[in-house]
Amino acid sequence: MTTKIKAQLFCLHCNKETNHTITYKGEYLEDIKCNICGNEIKINREKLLETYTADFIDRVLTKPHRVTEEIKKDLSYFLKSMPIRILTKPYRVAQEVGDILHKEKDKK
Ligand SMILES: [Zn+2]
């Protein structure tokens with residue numbers, strides 16, 4: 001069962017708090033998406049275990065009965081602290097970065 005929850009969270013791309021859609025699949029958080037820039041973070045629990053404790057992951061990634069301020073704070077902290085190698089870059093974003101690099105090359 002998939003559940004979608006909207007929440008204000010910190011987006012690294014927008015560099016401010018924006019509306020996010022949090023998707024839970026069953027009991028676990030599956031992805032977090034910024035509604036403003038479309039940046040999407042897919043959650044890979046295995047990779048996260050290299051960086052965070054199981055306690056923290058369970059607290060942040062398990063579907064809450066209701067979204068409290070504390071959970072939002074945890075999620076924002078989680079987004080800000082996530083190492084870049086954990087992020088599964090959506091193809092579109094990777095392509096945009098490629099486009100910017102090409103444009104800069106063309107200028108020279
Ligand atoms: Zn954003």
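Mentor: Helices (H or I, at least four residues) and strands (E, at least two) are DSSP runs, numbered from the N terminus. Keep in mind that this is a predicted model.

Trainee: What pattern does the protein follow along the sequence?

Mentor: The order is β-β-β-β-α-α-α-α. That gives four strands and four helices.

Trainee: What makes the zinc ion's arrangement tetrahedral?

Mentor: Start with the donors. The protein supplies C11 (SG), C14 (SG), C34 (SG) and C37 (SG), at 2.2 to 2.4 Å from the zinc ion. Donors must lie within 2.8 Å of the metal, so these four distances qualify. Now take the angles. The four donor atoms subtend 103 to 113 degrees. Tetrahedral requires all angles to lie between 85 and 135 degrees, so the label holds.

Trainee: How are the donor residues of the zinc ion spaced in sequence?

Mentor: The spacing reads C-x2-C-x19-C-x2-C. The pair C11 and C37 links distant parts of the chain, 26 residues apart. C11 sits in strand β1, and C37 in the loop between β3 and β4 (40-42).

Trainee: How many disulfides are there, by the rule?

Mentor: The count comes to zero. A disulfide needs a pair of cysteine sulfur atoms within 2.5 Å.

Trainee: Why is C34 called buried, and why is C37 called partly exposed?

Mentor: Buried means under 20% relative accessible area. C34 has 2%, so C34 is buried. C11 also has 2%, so C11 is buried too. C37 has 30%, which falls between the 20% and 50% limits, so C37 is partly exposed.

Trainee: What makes N15 exposed?

Mentor: Exposed means over 50%. N15 has a relative accessible area of 57%, so N15 passes. N15 lies in the loop between β1 and β2. Its phi is near 60 degrees, a positive value in a residue other than glycine.

Trainee: How do you know that I57 is buried?

Mentor: I57 has a relative accessible area of 1%, and the limit is 20%, so I57 is buried. I57 belongs to helix α2.

Trainee: Which residues does I57 touch, leaving out those up to four places away in sequence?

Mentor: R45, L48, L49, Y52 and T62. Touching requires heavy atoms within 4.5 Å. R45 is twelve residues from I57 along the chain, and their C-alpha atoms are 7.8 Å apart.

Trainee: What makes a set of residues a nonpolar core?

Mentor: The members must be buried nonpolar types such as Leu, Ile and Phe, joined through side-chain atoms within 4.5 Å. The largest such core here has 20 residues. I22, L29, L48, L61, L75 and F78 have the most contacts inside it. Two or more residues come from each of β1 (2-11), β2 (16-25), β3 (28-34), α2 (54-61) and α3 (69-81). In soluble globular proteins, nonpolar side chains tend to be buried together.

Trainee: Which residues does I22 touch, beyond those up to four places away in sequence?

Mentor: T3, K4, I5, A7, L9, L29, D31 and L75. L29 and L75 are also among the core residues with the most contacts.

Trainee: What about the whole protein?

Mentor: Buried residues make up 33% of the 108 residues. Among contacts between residues at least 6 apart in sequence, 42% join residues at least 24 apart.

Definitions and conventions
Residues numbered from 1 in each chain as written. Predicted model: local features only at pLDDT ≥ 70, side-chain atom pairs only at ≥ 80, totals over all residues. Heavy atoms only, no water. Buried < 20%, exposed > 50% of the residue type's maximum accessible area, 1.4 Å probe, protein only. Donors = N, O, S within 2.8 Å, 3.2 Å for Na, K, Ca; no water. Tetrahedral: all angles 85-135°; square planar, octahedral: opposite > 155°, others 65-115°.
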